[in-house]
Amino acid sequence: MHDMGIRSEHAYLAGVASIGLSVASWFASMKAEQAGIERADRWGIFVGEWAPTFIGLGLALSHYEQQEGTLSGSLHAVKEAS
């Protein structure tokens, strides 16, 4: 994935976005479908399962980037000892 240009920050962003999408899909299912709250809950849970997957991918990519030395950003900066 890293060789395709996907970085750990992309996976983290997808994880956060999937949390918002989970809430949006639950709300849309409640309003658009007449199947009831059970169907809306299933949609919300289904999409909500994506977040841990994306976060896990982000962690794996971050580990790879640390080993490769391409990890960037102020949060990941290693402080040098004076």
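Biologist: In the protein chain, where is confidence lowest, and where is it highest?

Modeller: Confidence here means pLDDT, the predictor's score for each residue, from 0 to 100. In the protein chain, the lowest confidence is in α2, with a mean of 75, and the highest is in α3, at 86. The chain averages a pLDDT of 76, and 76% of the residues score at least 70. Where pLDDT is low, the predicted coordinates should not be read in detail. This is a predicted model, so local features need pLDDT of at least 70 and side-chain atom pairs count only at pLDDT 80 or more, while totals for chains, interfaces and linings use all residues. Residues are numbered from 1 along each chain as its sequence is written, and side-chain values use heavy atoms, with hydrogens and water left out.

Biologist: How many helices and strands does the protein chain have?

Modeller: Helices (H or I, at least four residues) and strands (E, at least two) are DSSP runs, numbered from the N terminus. This chain has three helices and zero strands, and along the sequence the pattern reads α-α-α.

Biologist: At what angle do α2 and α3 pack?

Modeller: Axes are lines fitted to C-alpha atoms, for helices over the stretch in contact, and angles run from 0 to 180 degrees between N-to-C directions. Helix α2 (residues 37-48) and helix α3 (residues 50-68) pack at about 5 degrees, with axes 5 Å apart.

Biologist: Which residues make the contact?

Modeller: Contact means heavy atoms within 4.5 Å. Here α2 brings F46, V47 and G48, and α3 brings W50, A51 and P52.

Biologist: Is V16 buried or exposed?

Modeller: Buried means under 20% relative accessible area, exposed over 50%, and partly exposed in between (1.4 Å probe, protein chains only). V16, found in helix α1 (residues 8-32), counts as exposed because its relative accessibility is 56%. A14 also lies in α1, but A14 has 24% relative accessibility, so it counts as partly exposed. Of the 82 residues in the chain, 21% count as buried.

Biologist: How far apart are V16 and F54 in sequence and in space?

Modeller: V16 and F54 are 38 residues apart in sequence and 8.6 Å apart in space, C-alpha to C-alpha. For A14 and T53, the values are 39 residues and 9.6 Å, again C-alpha to C-alpha.
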